[in-house]
Amino acid sequence: MTESSMKKLASTLLDAITDKDPLVQEQVCSALCSLGEVRPVETLRACEEYLRQHDKLAHPYRAAVLRAMERVLSSHASELDKDTASTIILLASSEMTKTKDLVWDWQQAASGVLVAVGRQFISKVMEELLRRLHPGTLPHCAVLHTLASLSVANAFGVVPFLPSVLSSLLPVLGVAKQDTVRVAFCSALQRFSEGALEYLANLDRAPDPTVRKDAFATDIFSAYDVLFHQWLQSREAKLRLAVVEALGPMSHLLPSERLEEQLPKLLPGILALYKKHAETFYLSKSLGQILEAAVSVGSRTLETQLDALLAALHSQICVPVESSSPLVMSNQKEVLRCFTVLACSSPDRLLAFLLPRLDTSNERTRVGTLQVVRHVINSAGECLHASLAATPGHDCPARAAPQPADLTAVPC
């Protein structure tokens, strides 16, 4: 196929994108993607040119074209030359921020294009996104969403830019008043932290192995201060959960002394939310991350919080699991993960809490306790064995319990 005939075919397909029949629109997008598999660069250029020349095209059709571009880019971004990549980045950035209103299908489609290009041309994408961050002005929610997505898609590429990104975002956190904007900030901070942790855990493969936690610690604590002391008090449940999700990975990047001083407020603050939220998976997941962070810095404050922690976690594990919801099952796994962390840091205290609950007449309490015992034996057996051997009259946790005594019969 010659370049002129390919271009004519692409133009014909793009003109048909506005057909009123949704099935036709879907077939047009599939045809564009198929064409992109054969001639990716030419197809992408045709789409870019079409959107640029049809400025009045309604956003649902623009979103359809952008989604087709993303699908082509997902497997062919490496075939772009720098000029074509730059052109596509500018187009997607413009489409994403053309309106300040939230038009999610359009903005998400444009964001997807930037993320797809960013897997190969991260510096150019980050430069464009940083250009969209203006001092003293709240960023577009779609820009925050894209930065968050890029942190997951290409952590090695994004993390070196994080100090610049955070220095632009932190001064305007206090200006964010709308819950939707705050949720977007929380999501971005969560993904930034996860990306930074992935980077730090793989320094042997990182482009700059000299990066250390100190590069983000101060900025992350500034953000933590706003999220925990202000936004977590919101009446909006969605925002509270977004804050909690962010605090988990952020806790690993806090300066050690800051984390230690915050634990007496942070842990009770998370535990209190168990009474306010029916869906507790995100609370348990974040709590597990915070506990891991506390143990990793050798926290002494954690000891003073153990009684409340064990009681709250035990209540969670003893709730009958009547739902087959993936989040309900996942919550149980996260709660057991919390017990594993505590088993390794305070095995004596954990056993002193669990063993009396094996003698209760309440079956659900016994079964829940046996679940915990079975799990921590499998995941932190050495820690428990040392303490168990020193506990008079308890050679085996199951021996002190009425039926069922067979741990293998207890669901994990």
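Student: Hello! How many helices and how many strands does the protein have?
Tutor: This is a predicted model, where local features need pLDDT of at least 70 and side-chain atom pairs count only at pLDDT 80 or more, while totals for chains, interfaces and linings use all residues. Residues are numbered from 1 along each chain as its sequence is written, and side-chain values use heavy atoms, with hydrogens and water left out. Helices (H or I, at least four residues) and strands (E, at least two) are DSSP runs numbered from the N terminus. By that rule the protein has 19 helices and 0 strands.

Student: What does the C-alpha trace span, and what percentage of the residues is buried?
Tutor: Along its principal axes, the C-alpha trace spans about 85 × 45 × 45 Å. Buried means under 20% relative accessible area, exposed over 50%, and partly exposed in between (1.4 Å probe, protein chains only). Of the 412 residues, the buried share is 51%.

Student: Among contacts between residues at least 6 apart in sequence, what percentage joins residues at least 24 apart?
Tutor: Contact here means heavy atoms within 4.5 Å. Among contacts between residues at least 6 apart in sequence, the share that joins residues at least 24 apart is 74%.

Student: Which helix gives the largest share of the lining of the largest pocket?
Tutor: The lining has 26 residues, and Leu102, His140, Cys141, Val181 and Ala184 lie nearest the pocket's centre. Two or more residues each come from helix 8 (141-153), helix 11 (179-201) and helix 13 (237-251). The largest share, 7 residues, comes from helix 11.

Student: And which helix gives the largest share of the lining of the largest cavity?
Tutor: There is 1 cavity of 30 Å³ or more, and the largest cavity holds about 40 Å³. Among its lining residues are Gln190, Glu245 and Tyr282. Helix 11, helix 13 and helix 15 (281-296) each give two or more residues, and the largest share, 4 residues, comes from helix 15.

Student: Which residues does Ile220 contact, leaving aside its neighbours within four places in sequence?
Tutor: Ile220 is found in helix 12 (residues 214-229) and is buried, with a relative accessible area of 2%. Leaving aside those neighbours, its contacts are Leu166, Ser193, Met250, Leu253 and Leu254.

Student: What is the C-alpha to C-alpha distance between Gln120 and Ser78?
Tutor: Gln120 sits in the loop between helix 6 (104-118) and helix 7 (122-131) and is partly exposed, at 44% relative accessibility. Leaving aside its neighbours within four places in sequence, Gln120 is in contact with Ala77 and Ser78. Gln120 and Ser78 are 42 residues apart in sequence, and C-alpha to C-alpha their distance in space is 6.1 Å.

Conventions:
On a 1 Å grid over the protein atoms alone, a cavity is a set of points where a 1.4 Å probe fits but cannot get out, and a pocket is an open set with protein on both sides within 12 Å along at least five of seven lines; lining residues have an atom within 4 Å of a point. Grid points are joined across faces, edges and corners, and a volume is the space filled by probe spheres set on the points.
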